[in-house]
Structure formats: C-alpha cells, structure tokens
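Have the 3D view open and follow the points in order.

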Amino acid sequence: MLTQITRWRHYWASECHRRAEGHVALVTPVYETVEAIVLRTMRYSESDIIAHLFCRESGRCSALARGARKSKAGTVGRLEALTHVRVDLRRGRGDLAMVRSASLVERNDVIRSSYAFQGVASRAIDLVNRMT
C-alpha cells in the first residue's frame, strides 16, 4: 500500500511539472446545441435519466442527464416524452452523450390532452425506434 501511494505521488508530481512546463494541453469539452424531440426516458439511478432523442442532424441518439430528477436541477420537467427541446450535448467515445442543459421549445400539450393523440404519438415513436 505504501509503495502504491509513493508511486501516485511521483506520478502526480511529474504530471504537475509537465503541465507547468506547458507539455500537456488541457482540452475543454466541446458542446453542441441540438434541437430534438424526446422519444422516451428511463431512470438510470436515483437522480439521473437516460433520454432517447430524435435530432434532425444526427437522427436518434441517447443522452445521459445527470441530476435531472433532482428538484433543484435545471432539466426537471424538460426531458419528458414528446417534448421539443434544445439540448447542449457533449459527445464522447461511446454512444451515450452527456446533457449539460436543456431548454423547452414546445411542450405539445395538445397530444397530452387526448388519449387518441397519445396513441398515435406512441405508434409514431415505435416507428421511429424501428427505423433508426
């Protein structure tokens, strides 16, 4: 255990020295703003949500919104099914993007008010899921 701590200290000291010398460039994450329709959401953990989005530019994508179910989060109520949202996404190496912020463009209350409209919308979502 002591040798592992010593190795970590040496690594950290050399890393700090390299950054001070300018050898390591710190990369800031690149976010892209996308307008999308939320197809469906799933609970991921106690406060996180995985949202399946349909974008014009990139088609269907999945995004993880950390802390989206907390009452103080800025994305509460915005990532619900059948809502039109503007989302800041950070794409990583895998298929799952990260959500930084989400703003509501249109809520589609007409669809939510009628049972027949909800049935048509759910069939349309199933069709989009099968096609993409």
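1. Let's start with the inside of helix α3: its buried residues are Gly119, Ala121 and Ile125. Keep in mind that this is a predicted model.

2. Now look down the axis of α3. The buried residues fall within an arc of 165°, so they line one face of the helix. Turn to the other side of α3 and you'll find Ala116, Arg123, Arg130 and Met131, which are exposed. For the cut-offs, buried means under 20% relative accessible area and exposed means over 50%.

3. What sits over that buried face? The cover for the buried residues of α3 includes β1 (32-43) and α2 (109-113).

4. As for its dimensions, α3 takes in residues 115-131, which makes 17 residues. From first C-alpha to last, α3 reaches 25 Å, close to the 24 Å expected at 1.5 Å a residue.

5. Over to the strands. Five of them form a closed barrel in the order β1-β2-β3-β5-β4, and the pairing is mixed. Going from one strand to the next, the twist averages 50°. In general, strands of a sheet pair through backbone hydrogen bonds, either parallel or antiparallel.

6. A handy spot to check is Leu53, which stands opposite Cys61 in β3.

Note on methods:
Residues are numbered from 1 along each chain as its sequence is written. This is a predicted model: local features need pLDDT of at least 70, side-chain atom pairs count only at pLDDT 80 or more; totals for chains, interfaces and linings use all residues. Side-chain values use heavy atoms; hydrogens and water are left out. Helices (H or I, at least four residues) and strands (E, at least two) are DSSP runs, numbered from the N terminus. The expected span of a helix is 1.5 Å times one less than its number of residues. Buried means under 20% relative accessible area, exposed over 50%, partly exposed in between (1.4 Å probe, protein chains only). The arc is that of the directions from the helix axis to the C-beta atoms. Contact means heavy atoms within 4.5 Å. Two strands pair if DSSP finds at least two bridges between them. Axes are lines fitted to C-alpha atoms, for helices over the stretch in contact, and angles run from 0 to 180 degrees between N-to-C directions.
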